[in-house]
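Hi there,

Here is the structure I promised to pass on, with my notes below it. Have a look at the ligand site when you get a moment.

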Amino acid sequence: MVLAMKLIGMLDSPYVRRVAISLKAMNFSFEHEELSVFNDIEKMKVVNPLMKAPSLMTDEGILLIDSTLILEYLDRKCNENYSLLSKNMEQFTKSQYLIGIALTLCDKAVQLFMEYNRRPPEKFYQEWVDRINEQLQAGLSLLDQQVIINDAGYLIDNRIMQADISIAVMLKYIEKKLSSIYNNYVSKKLKVFSSAMESTSLF
Ligand SMILES: N[C@@H](CCC(=O)N[C@@H](CS)C(=O)NCC(=O)O)C(=O)O
């Protein structure tokens, strides 16, 4: 029996969202189970005892964890016309570079959100928060320098690729969860790019 592919996790996670948007961009049909790693712990444990999202149940019933590994699997499985990673080595390297910055910014943004929303106030660790803030500012500044939006409105090719998706979901996460970082440290160019991506049907 062939099972439908199932994505597990909430779309307020940038990692889950990058997989969900990529699944659509790669033209896969899939089911989506919106389980929270914090509010649906028992259900989450049944799917993935490690309680991590995103989790992807493949149509062979294999559980994949970690957005990058899931996307690597999907990229191999999709019709090559829908691949989100370029075969051209120069474009591929540029893409991996930008995705690396975007994912580090996701990690730092999630950590900062957790510091303010999950850590008990008496355990607040200022040095760690200062370090994350510095990393976020440095990453957003580096990204602003490195991003070139082409005539088609994308960063790598003349259609949407993984770097576009990963950068856009990271920017939306920061906008929604860390508005002062977004207002003060995200450049005009990146804000314009984010709005353009978010207005497309895939997002
Ligand atoms: N590197 C992982 C990060 C995934 C991640 O940390 N997801 C969060 C939700 S935004 C999570 O599972 N948190 C629960 C935990 O870490 O225990 C990926 O790319 O999938």
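**Overall fold**

The protein has 8 helices and 4 strands (DSSP runs, with helices being H or I of at least four residues and strands being E of at least two, numbered from the N terminus). This is a predicted model, so local features need pLDDT of at least 70 and side-chain atom pairs count only at pLDDT 80 or more, while totals for chains, interfaces and linings use all residues. Residues are numbered from 1 along each chain as its sequence is written, and side-chain values use heavy atoms, with hydrogens and water left out.

In sequence order, the elements run β-α-β-α-β-β-α-α-α-α-α-α. The radius of gyration is 17 Å, close to the 17 Å that the globule rule gives for 203 residues, so the protein is as compact as a globular protein of that length (taken over C-alpha atoms; the rule is 2.2 Å times the number of residues to the power 0.38). Along its principal axes, the C-alpha trace spans about 55 × 45 × 30 Å.

**The ligand site**

Around the ligand you will find Ser 13, Tyr 15, Val 37, Met 51, Lys 52, Ala 53, Pro 54, Asp 66 and Ser 67 (a heavy atom within 4 Å counts as near). This shell divides into 5 nonpolar, 2 polar and 2 charged residues (Ala, Val, Leu, Ile, Met, Phe, Trp, Tyr, Cys and Pro are nonpolar; Asp, Glu, Lys and Arg are charged; the others, Gly among them, are polar).

Which polar contacts (N or O pairs within 3.5 Å) does the ligand make?

- A polar side-chain atom of Lys 52 is 2.8 Å from a ligand oxygen atom.
- A polar backbone atom of Ala 53 lies 2.7 Å from a ligand nitrogen atom.
- An N or O atom in the Asp 66 side chain is 3.1 Å from a ligand nitrogen atom.

Taken alone, the ligand exposes 510 Å², and the protein buries 72% of that (Shrake-Rupley method, 1.4 Å probe).

**Backbone details**

Ala 53 and Pro 54 are joined by a cis peptide bond, with omega about 5°. Pro 54 belongs to the loop between helix H2 (41-47) and strand E3 (55-57). Asn 27 is not a glycine, yet has a positive phi of about 65°; its place is the loop between helix H1 (14-25) and strand E2 (31-33).

Best wishes

How values were computed: Polar contact = N/O pair within 3.5 Å; in protein donor to acceptor, adjacent residues only side chain to side chain.
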